[in-house]
Amino acid sequence: MTPPPSGPVCAGASTAARGAAVTTGYPSFSSYVRARGPVLLRTARSLTANPSDAEDLLQTALTKTFVAWERIEDHRALDGYVRRALVNTRTSQWRKRKVDEFACEELPEPAGQPEPDPAERQVLHDAMWRAVMKLPDRQRAMVVLRYYEDLSEAQTAEVLGVSIGTVKSAVSRALGKLREDPELTPVR
């Protein structure tokens, strides 16, 4: 097991921590946050839709204020400073976020039907195969080559030594018989 790194992971955090350690905190900052926190939280909530995001936004703005606490000359204008930090932080978040989703009235995907039961699929497969087996030999051969073997009409005609027109008409008649098969009626 390797020892943890001796230096800070985030340079910005270490700078803020050193500043806080040297001054041992700002009692005036703590009293300011206690006194004005609820008002500032309402401002943050007006900038975001989610109360949790508003708390995060306020915390970030207060962190920025804490880091700049010694540089702020007029502490009577702190509310304005924090509000500006809230707005700037929220604007930065808004600019950085990547919009992947768009709100719309309709769902883009149709409500999918549940996946059929494997047993039902096997029953359908068996019923279809029995119906294909009832076809005359030539039609059955053309249907098997076209739909089970996934050959084109030209390839099927070449394999059987017939014209493409013969394949088209024979497959059309075979599909008509399959549509009329009583065993496949519940499937439709």
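User: What share of the contacts in the protein with a separation of 6 or more comes from residues 24 or more positions apart?
Analyst: This is a predicted model, in which local features need pLDDT of at least 70 and side-chain atom pairs count only at pLDDT 80 or more, while totals for chains, interfaces and linings use all residues. Residues are numbered from 1 along each chain as its sequence is written, and side-chain values use heavy atoms, with hydrogens and water left out. A contact means heavy atoms within 4.5 Å. Of the contacts in the protein with a separation of 6 or more, those between residues 24 or more positions apart account for 52%.

User: How many helices and how many strands does the protein have?
Analyst: Helices (H or I, at least four residues) and strands (E, at least two) are DSSP runs, numbered from the N terminus. Read along the sequence, the pattern is α-α-α-α-α-α-α-α. The count is eight helices and zero strands.

User: Which word describes how α2 and α3 lie relative to each other?
Analyst: Helix α2 (residues 27-47) and helix α3 (residues 51-67) pack with their axes 9 Å apart, at an angle of about 135 degrees; axes are lines fitted to C-alpha atoms, for helices over the stretch in contact, and angles run from 0 to 180 degrees between N-to-C directions. Angles under 35 degrees count as roughly parallel, over 145 as roughly antiparallel, 65 to 115 as roughly perpendicular and the rest as oblique. The two helices, α2 and α3, are therefore oblique.

User: Which residues of the largest nonpolar core have the most contacts inside it?
Analyst: A nonpolar core is a set of buried Ala, Val, Leu, Ile, Met, Phe, Trp, Tyr and Cys residues joined through side-chain atoms within 4.5 Å, where buried means under 20% relative accessible area, exposed over 50% and partly exposed in between (1.4 Å probe, protein chains only). In soluble globular proteins, nonpolar side chains tend to be buried together. The largest core here has 17 residues, and α2, α3 and α4 (78-96) each supply at least two residues of this core. Those with the most contacts inside it are Leu58 and Leu86.

User: Which residues does Leu58 touch, leaving out those up to four places away in sequence?
Analyst: Leu58 is one of the α3 residues that meet α2, where the partners on the α2 side include Phe29 and Val33. Not counting residues up to four places away in sequence, Leu58 touches Gly37, Leu40, Leu41, Ala44 and Leu86.

User: At what angle do α6 and α8 pack?
Analyst: Residues of α6 that meet α8 include Met142 and Val143, and among their partners in α8 are Ala170 and Ala174. The helices α6 and α8 count as roughly perpendicular. Helix α6 (residues 137-148) and helix α8 (residues 164-180) have axes 9 Å apart, and the angle is about 95 degrees.

User: Which helices do the buried residues of α6 pack against?
Analyst: In α6, the buried residues are Gln139, Arg140, Met142, Val143, Val144, Leu145 and Arg146. The buried residues of α6 pack against α5 (118-133), α7 (153-160) and α8.

User: What is the relative accessible area of Asp150?
Analyst: Asp150 is found in the loop between α6 and α7. Although Asp150 is not a glycine, its phi is positive, at about 60 degrees. Asp150 is exposed, because its relative accessible area is 65%.
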